[in-house]
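Good morning, colleagues. I would ask you to look at the sequence and the model together while I speak.

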Amino acid sequence: MAASGSDPGDGGAPVTAGRPGRLARVFGSDLFYSFRRSPLVVIAALITVTYFLGAGLAQWVAPHDPFNPATLNLMDAFTPPAWTAEGQATFALGTDDQGRDLLSAIMYGTRISLVVGFAAILFAVVLGVGLGVIAGYVGGFFETMVMRAADVQLTIPGILVALMVNGAARAALPSYAVDDLAIYVLIFAIGISDWPQFARVTRSATMVEKNREYVAAAQVIGVHPMVIMFRHVLPNVMGPVLVLATIGLALAIIAEATLSFLGVGVPPTTPSLGTLIRVGNDFLFSGEWWITLFPALALVLLVLSVNLLGDWLRDALNPKLR
Amino acid sequence: MLAFVIRRFIQAVVVVLVVAFLSFLLFNFVGDPVNNMVGQDASIADREEMREALGLNDPLIVRFAHYVLNAVQGDFGMSLRLQRRVGTLIVERMPATLELVAASAVLALTIGIGLGVFTGIKRSHWLSRVILTVSLIGVSLPTFVIGICLIYVFSVLLGWLPSFGRGETVNIGGWSTGFLTASGWQAIIMPAITLSLFQMTLILRLVRTEMLEVMRTDFIKFARARGLSNRAINFGHALRNTLVPVITIAGLNIGSLIAFSIITETVFQWPGMGFLFIQAVQFADIPVMAAYLSLVAVVFVTINMIVDLAYYAIDPRLRATVGRGR
Amino acid sequence: MPLLDVSHLRIEFPTRRGLLTAVDDVSFSIDEGEVLGVVGESGAGKSLTGMSIIGLLEPPGRIAGGEIRFEGRRIDNLPYEELRRIRGKQIGAIFQDPLTSLNPLYSIGEQLIETIQTHTDLSAAAARKRAIEMLGEVGIPSPQSRIDNYPHQFSGGMRQRVVIALALCVNPRLVIADEPTTALDVSIQAQIIALLKRLCRDHGTAVMLVTHDMGVIAETADRVAVMYAGRVAEIGPVRDVIKAPKHPYTVGLMASIPTLTHDVERLAQIEGSMPRLNAIPPGCAFNPRCPHAFDRCRVERPDLMATGGASVASCWLYDRQPASAEAP
């Protein structure tokens, strides 16, 4: 393959007639390469997908329905896991004090945990990125205010902010509505606790992009600033946002679990993993360890996988480490 | 230099006032402020008096000023749940929280920095890999899960350590300490480990990353080119430069510990401010929540200021350029 | 015996996409007290060569072949500790950016004294005296007071003087200067180069001066090696290489330097650009851009050979063997 004239060539790759197809580009990309190379990350991805499927399809996949009183039998209460002496095969991970199948409860619980986690981080991203892009683009008083607010909020740990907002909101609601609205309050509280970092990152990236020529060109043509901001600048700043979001998702899941464990999150009627752990904690001393252990394990495994994925993503997208 | 300090101080005061305002709104507009001040069991006459005293028809700014004045004197109203003055409750609970936070901070910093330096210098050592894997798991373990596991192993299964409370405390001039009794020490071990674990792993990974960054700089390369020994390079040059940003994190770390102490105290029923706060949230005990909010703001703002000043003292570059602002 | 003798050096980088050879069969030598300029475009391999000599090649790069001999001894295969003892004391280095070369948290005095005490038995007081002396030699005014200043308190040119002081304070026999003036203002460059030249001449220090700036070479070097795509195109005494370049690449380089003596309509340029490391053509690396290339150039790689003058060049044009016909 002789280089001719001034063409430096392209890494010894065979010269093809046209560009390789999209799928080939995805599989040949650096990102996918580093994904393939790390077995741990692949496992993490598989686990995460399994969780999603289990949670999403819980109604069809779960062996029992733990929240239908008609199907519950108090005689089944406190059954240990299936592989122990007194266990039963139909209750793979045992039952709790009401006779609810733990495996099914975990699947439904994961659903709530994931929904709250995702919704919260989505809220944080939308709020943070939105404010950040506008602040970076428009500048002036608005930018100063937003950044000040972000800085101040960042001095307080997220979990504390979430706790406070959650607490204040619960106190402000009439007591009969608290349980029903708990999930929305949680999403709001956790989301609010996380927006500053997205705003900051987006604003700096926006400020960098603002000075690029393509923005000046768009302005000259007369494109509306809003359109410039969101259609042109935004895609360029999503890289770091994606990494932060993955980490943030893990933290949001932990936050929800923590708040539920503390008794100020999701109520036991539609328990999340955190609530399940809380409920099970009471039985730790009387020997029914599985009621709290398995939800705890499920939670840890989920967060671990999300963290591994986030770590990999961060390393793969970091130009400095290449 | 003085200008810098004054500027930071003013910033700090502004932040505290903003938070105090939020706190004030919480106190006065969520629930009944009269209840918040005199408690639910007060007589009608007391309530009327309080309504007057509170000046509920006064303009907002006046009410806010009163609120701040009261707060500065330690009057945060009455806890709805316990019918006692909030100020007193907080003062009672403070030593428990502070001792727990102190013990955890020491643990997190010493082990975190130590291991961080080790994994930064000896990147390919097998122990480094083990530590890193464990730290990844550590970051994924919610604090309360750690607490429950520790309780299960050491209290339920082995029966070595108590699963709740502070043990016996000794009162020294109004400060009840648990460090002077054996049972006090036994009681603080698990909560301290639980609380410190999250921060420990964060510090470890941070120190390691910083160390790796520093090792790749030109001045380290130049130091090697001058034939300096590994010891001089690792501990003289690299470590110093690594620790500068770590100071900031260490400072914020204390703040984080205070936040997470809420969880740890709840798991171990440790009678500190955090436990008080959670019970307040469960019960919608507004005065306690509002007071905690203001207090926390003051604490965090103070920590930040101290960290800024420390940074200043350590990095010679900042002393010369203070005029340009940060 | 030359002070430094590099023969058939090869530096490789294993990458995902295969093995990259960044420096391919490079040979040259430096005598005591001599200044050898190494010139070439970015990416030609000059810095890597310098770094490999002092043993600071960054992984995954590694020396894959050839030998480096210092005072007759092989140093490319020495264990870390032994190499470290040579570094600084026998072979010094100066890098491009004086700001990042100095640790911002230590005063320059501390950094100087540390270096001096690492390689000599001087006491702290004696080391400090020597440090002040050194600062004076490199032209820092009032060294006794400035010795306790921090790097950020010096201007760029002053910082580079400090760097030079650090590199020369224990009197190495050879200094590898990697683009020492590139990061400096043009007005300062001349001063720094003059300083370096003078100091090295006074102490008898040999210099390997790596740069892409031909003007600096002309001022300072005794001999010059021209590198292209990881290979040596030409080596010779500075005057000869500049006035009568033999290798077509060098010819092109010299022609493209603007001159004060007459006007030109356009600056001359060599067509095309230096090939990337993973796309080096077979035969002579320069053949796609060479106006004199013929068939042999595209097939066989030329070694350095005599050219009838004092320089040697790796170009088939100078091959006297009758077997290679078709020389123009």
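This is a predicted model: local features need pLDDT of at least 70, side-chain atom pairs count only at pLDDT 80 or more; totals for chains, interfaces and linings use all residues.

Residues are numbered from 1 along each chain as its sequence is written, and chains are lettered from A and ligands numbered from 1 in the order in which they are written.

Let me begin with chains B and A. Their contact takes 32 residues from chain B and 32 residues from chain A; two residues are in contact if their C-beta atoms, placed from the backbone, lie within 7 Å. On the chain B side, α10(B) gives the most, with seven residues. Helices here are DSSP runs of H or I with at least four residues, strands are runs of E with at least two, and both are numbered from the N terminus. By class, this side has 25 nonpolar, seven polar and no charged residues. Ala, Val, Leu, Ile, Met, Phe, Trp, Tyr, Cys and Pro count as nonpolar, Asp, Glu, Lys and Arg as charged, and the others, Gly among them, as polar.

Towards chain C, 19 residues of chain B are in contact with 25 residues of chain C. The largest share of that side of chain B, six residues, comes from α9(B). Its classes are seven nonpolar, five polar and seven charged residues.

I turn now to α7(C). Of its 13 residues, 11 are buried, where buried requires 20 or more other C-beta atoms within 10 Å of the residue's own, placed from the backbone. Among the buried residues are Arg159(C), Arg161(C) and Ala165(C). The partners against which the buried residues pack include β6, α5 and α8 of chain C.

Which residues does Val175(C) contact beyond its neighbours within four places in sequence? They are Gly92(C), Ala93(C), Ile94(C), Ala167(C), Leu168(C), Cys200(C), Thr205(C) and Val207(C).

Finally, Asp101(A) lies in the loop between α4 and α5 of chain A. Asp101(A) is buried because 25 other C-beta atoms lie within 10 Å. Asp101(A) and Pro66(A) are 35 residues apart in sequence, yet 6.0 Å apart in space, C-alpha to C-alpha. Not counting residues up to four places away in sequence, Asp101(A) touches Pro63(A), His64(A), Pro66(A), Phe91(A) and Thr95(A).

Terms used: A residue is buried if 20 or more other C-beta atoms lie within 10 Å of its own, exposed if 12 or fewer, and partly exposed in between; C-beta atoms are placed from the backbone.
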